Amino acid sequence: MTEPAKPIDKQLDASRAAAAHQKQWFAQLRQDVFEDGAPYVIANVDTPADVFQSMDVPVVPNQWWSAVVASRGMADFYFDGLKALGYEGKLCRYCSTGLASTLVDAGDRAPWGGLPRPAMLVTRLACDCMQRVFSLWAKAFDAPLFLFDSTGASDFQLRWWSDCRANWESFHQTHRLDHMTAQLHDMIALGEEATGRAFDTGRLRSVLELTNAQQEYYDQIRTLVATAPQSPIRIMEAQGTSMLAQWHRGTAWAVDHARAFRDEVADRVQRGIAACPDERLRLMWVGAGLWHKGGFYQRWEQSHGAVFTWAEYPAFGADAYLRYGLEDPVRALASRYVAIREWLHDPPWAGAWYAEEARRNRIHGAVVLVPTNSRPSSTGSLFIAHALESAGIPTLMLWADMVDPASWDDRSIDAQMLDFLERRVAPKAR
Amino acid sequence: MPAQFPDVAAPGPAPDASTARSQLRDLYSRLDVAAAQAHSSGLPVVGVLGNTVPVELIRAAGGFPLTLTGRAGPTPEGDRWMEPFFEPEVRAVFDGLLTGRFGPLALCVIPRTSDQYFKLFLYLTEVQRIGHGAQVPPLHLYDLLHTRTQRSRSYGIERTRELLARLAQCAGRPITDDDLGQAIVESNRRHVARGALLARRGNSPALESGTDALMLLGAGRFMLPDHYSARLLDALADGGRECPGPRLLVRGFPLNHTGLHAAVEAAGGVVVAEDDPWGSRSTGHPIDQDGDALLAIFDKYFRDEPSARVHPDSLRRQWYTQRLATGDIDGVIVYAPDFDDLAGWDVPGDLAVARELGVPATVLRGDAERITDKGSSQIAVFVQGLGHD
């Protein structure tokens with residue numbers, strides 16, 4: 001078993017509030033589910049959890065649970081257990097950590113005592129292994145499974161981050177949007193059956209309105225960070241905080257938290273507070289957070305004045321989740337999920353977005369995490385690097401996993417970062 | 001400018017069995033020869049990836065459907081854009097399309113049936129967009145979905161109509177039901193010819209070696225169906241050659257090469273069945289000739305073709321389970337190479353099925369195309385331990 005991950009040095013009240021709420025939420029979930037037998041759902045992050053939010057059914061996101069397992073230093077234990085069960089080779093780590101925590105008995109070391117049986121599981125077939133992972137998981141729980149087909153785009157509109165907020169109907173190919181909408185109705189029907197809770201369109205609309213309000217605050221936060229002379233916050237702290245709150249989107253708490261978060265960032269900007277007063281180099285982090293190596297991001301502040309000032313969240317929340325025009329809330333929600341994963345990883349959408357964000361945030365250098373044990377999270381990396389380099393942003397690719405500490409070699413990573421900062425980023429910044 | 005698809009040429013005079021067999025082996029082994037011969041047919045060549053593109057539509061349009069594949073080797077152009085963890089076949093095809101290795105293709109049809117194929121489509125589209133894809137042909141994504149719901153079937157039928165329209169545009173003429181009907185008849189003749197080969201493997205002892213069977217089945221991916229069917233029947237006119245030894249079934253990552261089969265034969269065994277589309281699953285059921293032609297073609301690919309998309313696992317293992325249950329398989333090799341991130345999820349279940357049916361099984365993890373001494377030794381120990389009479 002590895003040591004629990006060293007956390008990021010937190011500076012924000014918003015982070016503490018999010019962590020406290022998450023702890024409280026999970027305690028409540030355990031109370032409701034264990035004690036009272038209330039239904040809950042396990043869902044991959046690229047599926048519309050908002051529906052369950054509107055039905056008052058809690059959702060445990062697969063990737064959040066992976067992060068919980070990794071941050072408690074249990075990833076190695078579970079991966080060894082999977083191997084002992086015959087699941088060997090380069091199988092996806094990020095998406096299967098949760099499955100491993102169910103298949104492998106960790107006794108009283110299981111984080112939070114382990115997940116109980118969900119009412120149903122939901123995933124999207126954006127990559128082949130999702131079907132296998134979730135089928136095994138559903139079988140282990142003897143719970144129903146809903147699979148969203150992932151249609152393929154053959155029309156490539158680029159500026160999804162700006163053009164899809166209001167004009168989503170014309171942005172997507174109609175047959176793809178139709179199909180996702182129909183699938184959403186199918187999932188709702190299964191969800192009602194599995195959870196015993198009724199779905200209400202008006203309630204979903206309210207949830208999406210609250211989601212929009214939350215993301216609008218994130219939009220303001222990302223603008224504050226991009227335009228401030230120095231970054232007022234450590235972006236990886238902001239990413240962790242906004243991702244935690246993102247799991248609760250559609251609730252009044254999430255809106256209140258996002259507003260307080262925005263206020264706190266605005267206050268820091270107004271008072272000239274910088275996360276790192278010696279900020280000289282602004283770095284972009286492309287990829288999921290290093291759940292097992294939180295201290296990595298601050299490591300370069302003192303030595304090089306190199307500060308990570310951009311990460312996927314909160315920017316992705318604003319750009320991918322906002323949906324205006326909620327007359328048909330199911331269809332509006334479907335428009336968010338037609339291509340959400342592709343936007344983040346695949347050409348042409350991902351590279352175009354990262355390059356745009358790098359320009360907007362005055363980035364001096366980008367670090368792209370390429371997790372070789374999670375192909376869905378790492379395909380498109382060379383195109384992303386190309387797009388960034390073409391935009392004049394020096395780019396370093398780190399080949400390591402976000403949840404599997406065995407793939408991380410401190411000495412090698414440090415050497416790459418030093419070379420990158422000193423030979424490529426610093427001269428460029430000058 | 002759309003390509004004009006001329007009529008299909010008739011097959012040439014029949015060679016003797018030995019010559020026919022050599023021709024098929026040669027086409028299978030030398031992909032450059034296969035591509036050159038496709039172009040020499042005079043028909044517009046349409047590249048297809050994998051086994052889930054309805055090639056009957058291409059035939060109905062008067063085109064030559066050429067399966068684009070590749071085996072492990074240097075891929076310098078592709079390496080610029082494609083991460084090293086992609087499967088060897090996908091890497092090779094990507095590199096081949098970037099460098100024009102498959103010749104001038106009228107169209108390249110890529111199915112959505114695996115994630116790697118979809119990424120290949122996106123990567124090719126992107127290199128074109130950013131100005132590095134001068135050799136890349138026109139592309140078409142055939143968006144066959146993964147679930148088997150009525151909803152995804154309806155979606156797939158519409159995508160099939162779109163593909164048909166695209167091919168009609170290439171052909172410069174409408175594609176009629178008669179065209180489709182003819183293409184079905186052609187495919188079913190190929191099905192019959194392949195069936196004759198599979199019957200030889202079902203014999204005890206097998207009348208075809210595993211390596212030859214794989215080459216003879218696979219060659220059909222690079223030929224016009226009627227030419228292939230005729231050549232295959234020519235090759236089978238030799239009566240067959242007895243291949244004694246333990247009879248093995250291979251399941252797992254699809255094999256577009258004979259490395260594993262050769263290693264089994266070197267160990268004294270014979271592969272008589274593969275649960276993959278290059279081998280025994282290249283036939284499946286014939287296409288219904290009585291109903292709506294387009295729907296019949298679609299349903300063949302929607303319901304009958306093996307691929308990553310098949311769900312649930314009981315359906316994915318149906319053929320494998322039934323084949324083992326026939327009782328004529330002495331051992332199973334489950335192939336889950338290091339570059340795989342999918343077949344590995346099926347390994348414990350595959351082993352459990354074999355165990356339940358009393359068939360010994362082993363898991364091969366190394367790359368069977370470049371099999372190591374350790375891999376050969378593992379296979380030899382396994383095969384020799386099967387104690388076949």
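A crossing of two helices is called right-handed if the near helix is turned clockwise from the far one by less than a right angle, and left-handed if it is turned anticlockwise. The exercises below use a predicted model.

**Exercise 1. Describe how α4(B) packs on α5(B): direction, handedness and residues.**

Step 1. Locate the helices. Helix α4 of chain B covers residues 88–99, and helix α5 of chain B covers residues 115–129.

Step 2. Read the geometry. The two axes come within 11 Å and cross at roughly 20°.

Step 3. Classify the angle. Angles under 35 degrees count as roughly parallel, so α4(B) and α5(B) are roughly parallel to each other.

Step 4. The crossing of α4(B) past α5(B) is right-handed.

Step 5. List the residues that meet. From α4(B) come E89(B), V90(B), V93(B), F94(B), L97(B) and L98(B); from α5(B) come Q116(B), Y117(B), L120(B), Y123(B), L124(B) and V127(B). Sorted by class, this contact has 10 nonpolar, 1 polar and 1 charged residues.

**Exercise 2. Classify the packing of α8(B) with α10(B), and of α10(A) with α17(A).**

Step 1. Take the pair in chain B. The axes of α8(B) and α10(B), the latter spanning residues 259–266, come within 8 Å and cross at roughly 160°. Angles over 145 degrees count as roughly antiparallel, and therefore α8(B) and α10(B) are roughly antiparallel to each other.

Step 2. Name the contact residues. G210(B), T211(B) and L214(B) of α8(B) touch H261(B), A262(B) and E265(B) of α10(B). They divide into 2 nonpolar, 3 polar and 1 charged.

Step 3. Take the pair in chain A. Helix α10 of chain A, residues 201–227, packs against α17(A) at an angle of about 55°, and the axes are 9 Å apart. This makes α10(A) oblique to α17(A).

Step 4. Name the residues here too. R222(A), T223(A) and A226(A) of α10(A) are in contact with W353(A), E357(A) and R360(A) of α17(A). The classes are 2 nonpolar, 1 polar and 3 charged.

**Exercise 3. Characterise the interface between chain B and chain A.**

Step 1. Count residues. Chain B contributes 51 residues to the contact and chain A contributes 53.

Step 2. State the area. About 4300 Å² is buried between the chains, and carbon and sulfur atoms give 61% of this.

Step 3. Find the main contributors in chain B. F85(B), R151(B) and W345(B) lose the most area to chain A, together 20% of what that side buries.

Step 4. Look for salt bridges. There are 4 between chain B and chain A. K119(B) forms a salt bridge with D346(A), with the closest N and O atoms 2.8 Å apart.

**Exercise 4. Find a salt bridge that links distant parts of chain A.**

Step 1. Start from the total, which is 64 salt bridges over all chains.

Step 2. Pick the pair R331(A) and D178(A), whose side chains meet with 2.8 Å from N to O.

Step 3. R331(A) is in helix α15 (residues 329–337) and D178(A) is in helix α9 (residues 174–195), 153 residues apart.

**Exercise 5. Locate two cis peptide bonds and one positive phi in the backbone.**

Step 1. In chain A, P347(A) and P348(A) are joined by a cis peptide bond with omega about 0°. P348(A) sits in the loop between α16 and α17 of chain A.

Step 2. In chain B, the bond from S204(B) to P205(B) is cis, with omega near 0°. P205(B) is in the loop between α7 and α8 of chain B.

Step 3. D56(A) is not a glycine, yet its phi is positive, about 60°. D56(A) lies in the loop between α2 and β2 of chain A.

Terms used: Residues are numbered from 1 along each chain as its sequence is written. Chains are lettered from A and ligands numbered from 1 in the order in which they are written. This is a predicted model: local features need pLDDT of at least 70, side-chain atom pairs count only at pLDDT 80 or more; totals for chains, interfaces and linings use all residues. Side-chain values use heavy atoms; hydrogens and water are left out. Axes are lines fitted to C-alpha atoms, for helices over the stretch in contact, and angles run from 0 to 180 degrees between N-to-C directions. Helices (H or I, at least four residues) and strands (E, at least two) are DSSP runs, numbered from the N terminus. Angles under 35 degrees count as roughly parallel, over 145 as roughly antiparallel, 65 to 115 as roughly perpendicular and the rest as oblique. Contact means heavy atoms within 4.5 Å. Ala, Val, Leu, Ile, Met, Phe, Trp, Tyr, Cys and Pro count as nonpolar, Asp, Glu, Lys and Arg as charged, and the others, Gly among them, as polar. Buried area is the accessible area (1.4 Å probe) that two parts lose on being put together, summed over both.
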